[in-house]
Amino acid sequence: MTQFTSDKEAADALYRSYRDLTSEISKVIVGQEEVVRLVLTAVFCQGHCLLVGVPGLAKTLLIQTVASSLDMSFNRVQFTPDLMPSDIVGAETLDKDRSFNFVTGPIFANIVLADEINRTPPKTQAALLEAMQEHAVTVAGHRYTLPEPFFVLATQNPIEQEGTYPLPEAQLDRFMFNIWLGYPDYASELQIVKNTTGAVKYNLDKILHADDILAFQQLVRRVPVVDNVVEYAVKLVHSTRPNEPMGSRQASQYLEWGAGPRASQHLIVGAKCNALLNGKYSPDIEDVQAVALPILRHRIVRNFKAEAEGVTVEQIIRELL
């Protein structure tokens, strides 16, 4: 790991590393620049991501590609209706000496891909709650710390709702970003087909190590923020709360519940990182707005009036911005 003489030097190094990462990832992932930006922002902010999109949009491939460009351990868990909590966190087993030993599960990795997380019952989904919040798991009364840095990158299919279990709001709130993937445009899909129907295979270089990620995470926390930016972020979150003193007209009209304090925290940390990734040393209001949609999208709940009139969460957030 490189030692930096100042935070400015470290910020410049993060900017260069981000450019190198996106260049490396683009060898495999065509288009989806905004999605890659948000996933890497979450990595540098110690956050978790939920990627939502129809099948075939390379959600899993994108996460695997990001993991391949980072020199960290990676495990994938395919969520199914019969998956048990012990299949994720691990379990105690009886050895030949008749003593119990803890066998770690796939969650003991730096990057954990929770594939199709809504295909398993709430009991198994809840196995991730402690890990995502405290970076530790408790089994048989013993607490086991997970390796640092630790990220859960989950995917979810918005269609084929039969046999799925929607994530509870408490678990959705653990995700920093809820990222929606759309269909690629014509030019991008043309390039995807050319890249994936030939014999060429790409070997990705490891751009950053675990120690580098940890250092950059601490750097993001040290970025200074002026008071008016913090006030804007907190006012934005308050504006999503219906029937509150600072709640907006749209919130009172179309929302059942607004975002909580964790949204305000993520807005500021995300804005700090977004500024660094764009070569700036301090965030402004535009940086808050750049991360607001994926942070607020899964933290506000529409009421019946909004659903009946076809008013989407995205429309409400854009009006608040």
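Colleague: Is S188 buried or exposed?

Modeller: This is a predicted model, in which local features need pLDDT of at least 70 and side-chain atom pairs count only at pLDDT 80 or more, while totals for chains, interfaces and linings use all residues. Residues are numbered from 1 along each chain as its sequence is written, and side-chain values use heavy atoms, with hydrogens and water left out. S188 lies in helix 8 (residues 186–196), helices being DSSP runs of H or I with at least four residues and strands runs of E with at least two, numbered from the N terminus. Because its relative accessibility is 13%, and buried means under 20% relative accessible area, exposed over 50% and partly exposed in between (1.4 Å probe, protein chains only), S188 counts as buried.

Colleague: Which residues does S188 touch, not counting those up to four places away in sequence?

Modeller: Contact here means heavy atoms within 4.5 Å. With residues up to four places away in sequence set aside, the partners of S188 are V30 and G31.

Colleague: And how does E9 in helix 1 count by its relative accessible area?

Modeller: E9 has its place in helix 1, which covers residues 7–25. Its relative accessible area is 31%, so E9 is partly exposed.

Colleague: What is the order of the strands in the open sheet of five strands?

Modeller: The pairing in this sheet is parallel, two strands being paired if DSSP finds at least two bridges between them. Strand 3 (74–78) and strand 10 (177–180) are the edge strands, each pairing on one side only. Strand 1 (residues 49–52) pairs with strand 10 over four bridges, and the order of the open sheet is 3-6-9-1-10.

Colleague: Which residue in strand 10 is the bridge partner of L51?

Modeller: Strands of a sheet pair through backbone hydrogen bonds, either parallel or antiparallel. Strand 1 and strand 10 pair in the parallel sense, and the bridge partner of L51 in strand 10 is I179.

Colleague: How is helix 12 oriented to helix 13?

Modeller: The axes of helix 12 (residues 261–277) and helix 13 (residues 285–296) come within 8 Å and cross at roughly 135°; axes are lines fitted to C-alpha atoms, for helices over the stretch in contact, and angles run from 0 to 180 degrees between N-to-C directions. Angles under 35 degrees count as roughly parallel, over 145 as roughly antiparallel, 65 to 115 as roughly perpendicular and the rest as oblique. Helix 12 is therefore, relative to helix 13, oblique.
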